[in-house]
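Trainee: I've got the model open. Can you walk me through it, starting with the terms?

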Amino acid sequence: MAINDDATLVVGSGNYLTAPVGTTMPADLLTPVSPWQNVGHTSLEDIFGITSEGGEATTIGSLQNKSLRTKYSARTETMTFTLQQWDTAALRLYFGANAPILPDGSVGVPTDPEPTQSAFMAVFVDGENHFAFYAPRAEIYRADDMSISDTESLAGLPIGVKPMAYGSNVWTYAITPLGGTLATGATAGSPGDFTPDGAVTPADLAALSSVLATPTTAWTTGQHVVLADSTKAYWNGSAWVAGQVA
């Protein structure tokens, strides 16, 4: 791995956004448009974290080799941040999507809370750099107990975001790499290449919308490109299509 100074990160600002389940990552992370919605003010100190459960290793052996293979149990990950906005939408993220709005406008705390189901994105900015976590489907609910401990700082609601499998995806969330160049072109092959050299591989089929195909005529048998989610796509002469040319 080469040293890349442009791939380092010091967070200067950021935003956390939700959208209906399955909403794709916006082309411009710095100015996401509807249906993406900002969740509001968040903590300057407890910016973001990822905790996990599971992932225990089990060594499997044979009579001839007692350490033949290692098997890992499923791992569940939770992204965490602290929401510092106490409006109705924020309270329902913390207390449950089914929290009722009472006649006087207050938010009731449900006896059997349900997490909010949505797409989720966290975008962090470092000068000219920006960096994002994206989950097409996630469950959002309280991550920890809430306390108001002093009169000097903003009170917060600890929020947990659990990325979930969506559709046929073999991944639960994606992370945009730093220090790379977005692909602007794709050249046919088996598999083909993205251009310019060193460009970041598009995340999925939707991310190919701004990528120009070479040649612009329909690709031929076996030709395709491999995307970051390990799926394949090819150019049919007018649009990008999942799979490879039969």
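Mentor: Two strands pair if DSSP finds at least two bridges between them. Helices (H or I, at least four residues) and strands (E, at least two) are DSSP runs, numbered from the N terminus. This is a predicted model: local features need pLDDT of at least 70, side-chain atom pairs count only at pLDDT 80 or more, and totals for chains, interfaces and linings use all residues. Residues are numbered from 1 along each chain as its sequence is written, and side-chain values use heavy atoms, with hydrogens and water left out.

Trainee: Okay. How many bridges join E16 to E17?

Mentor: Two, and these strands run antiparallel. E17 covers residues 232-235. Val-225 faces Ala-233 of E17.

Trainee: What order do the strands of that open sheet have?

Mentor: E16-E17-E18, three strands with antiparallel pairing. E16 (225-226) and E18 (240-242) are the edge strands. Each has a single partner strand, so one side of each has no neighbour in the sheet.

Trainee: And where is Ala-239?

Mentor: In the loop between E17 and E18. Ala-239 is partly exposed, at 31% relative accessibility. Buried means under 20% relative accessible area, exposed over 50%, partly exposed in between (1.4 Å probe, protein chains only). Ala-239 and Ala-213 are 26 residues apart in sequence, with their C-alpha atoms 9.2 Å apart in space.

Trainee: New topic: rings. How many aromatic pairs are there?

Mentor: The search of the whole structure finds 14. Rings of Phe, Tyr and Trp (its six-membered ring) pair if their centres lie within 6.5 Å; planes under 30 degrees apart count as stacked, over 60 as edge-to-face and the rest as tilted.

Trainee: Why is the pair of Tyr-16 and Phe-48 called stacked?

Mentor: The ring planes of Tyr-16 and Phe-48 are at 20°, so that pair is stacked. Their centres are 6.4 Å apart. The pair links distant parts of the chain, 32 residues apart. Tyr-16 is in E1 (residues 13-19), and Phe-48 is in the loop between E2 (37-38) and E3 (49-54).

Trainee: Is Tyr-16 buried or exposed?

Mentor: Buried, with a relative accessible area of 2%. Phe-48 is partly exposed at 24%.

Trainee: What about Trp-36 and Tyr-134?

Mentor: Their planes are at 65°, so this pair is edge-to-face, with centres 6.3 Å apart. Trp-36 is in the loop between E1 and E2, Tyr-134 is in E8, and 98 residues separate them. Trp-36 is buried at 5% relative accessibility, and Tyr-134 is buried at 4%.

Trainee: Which residues do ring pairs link into a cluster?

Mentor: Tyr-16, Phe-48, Phe-81, Phe-120, Phe-124, Phe-131, Phe-133 and Tyr-173.

Trainee: Last topic, pockets. How much space lies in the largest pocket?

Mentor: About 990 Å³. On a 1 Å grid over the protein atoms alone, a pocket is an open set of points where a 1.4 Å probe fits, with protein on both sides within 12 Å along at least five of seven lines; lining residues have an atom within 4 Å of a point. A volume is the space filled by probe spheres set on the points, which are joined across faces, edges and corners.

Trainee: How many residues line the largest pocket?

Mentor: The lining has 34 residues; Met-25, Thr-176, Leu-182, Val-200 and Ala-203 lie nearest the centre. E8 gives the most, with three residues.
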